[in-house]
Amino acid sequence: QGQLMESGGGLVQPGGSLRLSCAASGFIFSSSTGAWYRQAPGKERERVAAITPAGVTNYAESVKGRFTISMNRAENTMYLQMNSLEAEDTAVYLCSAVGFGVWGQGTQVNVSS
């Protein structure tokens with residue numbers, strides 16, 4: 001069965017950048033819509049960004065212009081480049097292969113001075 005493994009989370013100061021990775025195994029990730037979600041304590045899970053097999057992307061209003069989602073077909077890996085990070089971006093970030101119903105385990109992102 002397929003699996004997703006996130007990496008790249010950590011602690012960063014406001015205004016800083018991080019790049020999250022979501023590596024797939026057991027299936028071709030780019031054949032599905034891929035998405036990044038985040039969940040902060042006490043808040044509902046929010047979809048941050050998504051990318052279709054055709055490469056069409058969409059973003060939550062709160063991250064537009066700051067985050068970029070991409071898919072590397074050769075690496076079978078999805079990325080989320082996060083720039084100009086704010087304290088409100090602090091959350092567990094999870095990736096999903098929507099068409100396969102597969103989720104990663106999550107990676108923690110903390111934005112704090």
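Q: What makes the link of Cys22 and Cys95 a disulfide, and which hand does the link have?
A: A disulfide is a pair of cysteine sulfur atoms within 2.5 Å. In this predicted model, the S to S distance of Cys22 and Cys95 is 2.1 Å, which meets that limit. With 70 degrees about the S-S bond, the link is right-handed. By this rule the count comes to one disulfide.

Q: What does the pair of Cys22 and Cys95 tie together?
A: Cys22 belongs to strand 3 and Cys95 to strand 9, so the pair ties together parts that are 73 residues apart in sequence. Strands (E, at least two residues) are DSSP runs, numbered from the N terminus.

Q: Why are Cys22 and Cys95 called buried?
A: Buried means under 20% relative accessible area, exposed over 50%, and partly exposed in between (1.4 Å probe, protein chains only). Cys22 has a relative accessible area of 0%, and Cys95 is likewise at 0%; therefore each counts as buried.

Q: Why do strand 1 and strand 7 stand at the edges?
A: An open sheet is formed by four strands in the order 1-3-8-7, with antiparallel pairing. Strand 1 (3-7) and strand 7 (67-72) each have a single partner strand, so one side of each is left without a neighbour in the sheet.

Q: What joins strand 5 to strand 4 and to strand 6?
A: Five bridges join strand 4 (residues 34-39) to strand 5 (residues 46-51), and three join strand 5 to strand 6 (residues 57-59). Both pairings run antiparallel. Arg38 has Glu46 as its bridge partner in strand 5, while Ala50 stands opposite Asn58 in strand 6.

Q: Which residues have the most contacts inside the largest nonpolar core?
A: A nonpolar core is a set of buried Ala, Val, Leu, Ile, Met, Phe, Trp, Tyr and Cys residues joined through side-chain atoms within 4.5 Å. The largest has 28 residues, and those with the most contacts inside it are Leu4, Trp36, Leu80, Met82 and Tyr93.

Residues are numbered from 1 along each chain as its sequence is written, and side-chain values use heavy atoms, with hydrogens and water left out. Local features need pLDDT of at least 70, side-chain atom pairs count only at pLDDT 80 or more, and totals for chains, interfaces and linings use all residues.

Technical notes. Pairing = 2+ DSSP bridges.
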